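Have the structure open as you read.

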Amino acid sequence: MPADRPPEDPGRFPEDSAEAMVSAFITLVTDVDRTPAYRARMEGSAGRPLPRSAISILFVLHRHGPLGVKEIADRLGVEQSTASRQIRPLEDQGLVVREGDPRDGRAVLLHLSEEGRETRELIRQVWLRDIATVWADWDPGDREQLGALLTRFRDSYQRLRDARGER
């Protein structure tokens with residue numbers, strides 16, 4: 001099989017292949033926030049209890065906001081009613097604010113409040129400390145190479161998603 005062609009069954013890469021390693025890395029990164037210990041650390045850093053979906057919503061709004069509930073739901077991969085239920089406690093805590101959409105008086109946009117931005121930054125700092133701990137004994141060139149390769153992977157993956165019409 002040519003190196004530039006994926007196998008017939010993409011899930012059948014050898015366990016020690018680069019593809020399997022990337023898959024394992026993505027699984028680790030996406031699963032870590034589901035553990036009770038991780039959530040407790042995030043809540044501790046934020047100084048408040050956070051609903052399970054809070055971190056994702058705070059980061060989506062920081063990166064892409066202001067957004068309507070439907071856009072948030074699309075970015076989280078959940079139903080609009082689910083996103084609405086997940087957003088409500090963040091509004092109650094003053095982390096997310098609703099405002100009318102200036103383009104459409106009937107629509108509402110959500111954005112981070114100052115407190116929401118501060119909470120997101122506190123959580124981000126925990127992640128950055130974790131990363132610094134993980135690669136504390138790495139050569140600076142290795143760190144730089146990983147950053148460059150992850151950026152290249154992200155950009156290539158985004159081009160694939162764009163070509164497929166995925167958001």
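Of the residues that line the largest cavity, four are nonpolar and four are charged, with no polar ones. Please keep in mind that this is a predicted model.

Which residues line the largest cavity? They are Asp33, Arg39, Met42, Glu43, Leu50, Pro51, Arg52 and Ile55. Helix α2 (residues 36–46) supplies the largest share of this lining, with three residues. The space inside comes to about 60 Å³, and the count of cavities of 30 Å³ or more is one.

**The largest pocket**

Next comes the open space. The largest pocket has a volume of about 2,700 Å³. Its lining is made up of 49 residues, and those nearest the centre of the pocket are Ile26, Val29, Thr30, Arg63 and Trp127. Sorted by class, the pocket lining holds 26 nonpolar, eight polar and 15 charged residues.

Which helix gives the most to the lining of the largest pocket? That is α7, with ten residues. At least two lining residues come from each of α1 (18–31), α2, α3, α4, α5 (80–92), α6 (114–134) and α7 (140–164).

**How the helices pack**

| Helix pair | Angle | Axis separation |
|---|---|---|
| α2 and α6 | roughly 125° | within 8 Å |
| α3 and α4 | about 115° | 10 Å |
| α4 and α5 | about 105° | 8 Å |

Let's begin with α2 and α6. Their axes cross at roughly 125°, and the two helices are therefore oblique to each other. The crossing of α2 past α6 is right-handed. On the α2 side, the contact involves Tyr38, Arg41, Met42, Ser45 and Ala46, which meet Thr119, Leu122, Ile123, Val126, Trp127 and Asp130 of α6. This contact has seven nonpolar, two polar and two charged residues.

Helix α3 (residues 54–64) and helix α4 (residues 69–76) pack at an angle of about 115°, so α3 and α4 are roughly perpendicular to each other. Here too the crossing, of α3 past α4, is right-handed. From α3, Ser56, Ile57, Val60, Leu61 and His64 meet Ile72, Arg75 and Leu76 of α4. The residues in this contact divide into five nonpolar, two polar and one charged.

The loop between α3 and α4 contains Pro66. Is the peptide bond that joins Gly65 and Pro66 cis or trans? It is cis, with an omega of about -5°. For context, most peptide bonds are trans.

Val69, Lys70, Ile72, Ala73 and Leu76 of α4 make the contact with Gln80, Ala83, Ser84, Gln86 and Ile87 of α5. By class, the contact of α4 with α5 has six nonpolar, three polar and one charged residues. Ile72 and Leu76 of α4 turn up in the contact with α5 and are also among the α4 residues that meet α3.

Notes:
Residues are numbered from 1 along each chain as its sequence is written. This is a predicted model: local features need pLDDT of at least 70, side-chain atom pairs count only at pLDDT 80 or more; totals for chains, interfaces and linings use all residues. Side-chain values use heavy atoms; hydrogens and water are left out. Axes are lines fitted to C-alpha atoms, for helices over the stretch in contact, and angles run from 0 to 180 degrees between N-to-C directions. Helices (H or I, at least four residues) and strands (E, at least two) are DSSP runs, numbered from the N terminus. Angles under 35 degrees count as roughly parallel, over 145 as roughly antiparallel, 65 to 115 as roughly perpendicular and the rest as oblique. A crossing is left-handed if the near helix is turned anticlockwise from the far one by less than a right angle, and right-handed if clockwise. Contact means heavy atoms within 4.5 Å. Ala, Val, Leu, Ile, Met, Phe, Trp, Tyr, Cys and Pro count as nonpolar, Asp, Glu, Lys and Arg as charged, and the others, Gly among them, as polar. On a 1 Å grid over the protein atoms alone, a cavity is a set of points where a 1.4 Å probe fits but cannot get out, and a pocket is an open set with protein on both sides within 12 Å along at least five of seven lines; lining residues have an atom within 4 Å of a point. Grid points are joined across faces, edges and corners, and a volume is the space filled by probe spheres set on the points.
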